[in-house]
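Biologist: Hi! Could you walk me through this structure in plain words?

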Amino acid sequence: MSIQERQDIQTVNAKAEQLNVLMQTIHAHHEQFDRHQLDGLLGLAYDLAGSVYSWTEEEERIVLANEDAQRKVN
């Protein structure tokens, strides 16, 4: 078993920042959006959140695999 390369965190940081700005915008202006606009914005928020969640799941898998590999080496 070999050590796997960890993922680049900058991509997920950018997505998390986009999600933060989007949620602030929705919160500040939710009364100004019609139902279709709000549905679209919330869909985008779910997509961004899903990307962040997928990244963290993959990162956890890599870390656990690397720890496993280290135990087998030692």
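**Charges, shape and one glutamate**

Modeller: Happy to. The protein carries 6 positive and 13 negative side chains, with the centres of the two sets 8 Å apart. Lys and Arg count as positive and Asp and Glu as negative, leaving out His and the chain ends; each charge is placed at NZ of Lys, CZ of Arg, CG of Asp or CD of Glu.

Biologist: Where does the model come from?

Modeller: It is a predicted model, where local features need pLDDT of at least 70 and side-chain atom pairs count only at pLDDT 80 or more, while totals for chains, interfaces and linings use all residues. Residues are numbered from 1 along each chain as its sequence is written, and side-chain values use heavy atoms, without hydrogens and water.

Biologist: How many helices and strands are there?

Modeller: The protein has 2 helices and 0 strands. These are DSSP runs numbered from the N terminus (helices: H or I, at least four residues; strands: E, at least two).

Biologist: And what box do the C-alpha atoms fill?

Modeller: Roughly 60 × 15 × 15 Å along the principal axes.

Biologist: New topic: is Glu 59 buried or exposed?

Modeller: Glu 59 is buried, at 7% relative accessible area. Glu 59 sits in helix H2, residues 35-73.

Biologist: Which residues does Glu 59 touch?

Modeller: Arg 6 and Gln 7, leaving aside residues up to four places away in sequence. Contact means heavy atoms within 4.5 Å.

Conventions: Buried < 20%, exposed > 50% of the residue type's maximum accessible area, 1.4 Å probe, protein only.
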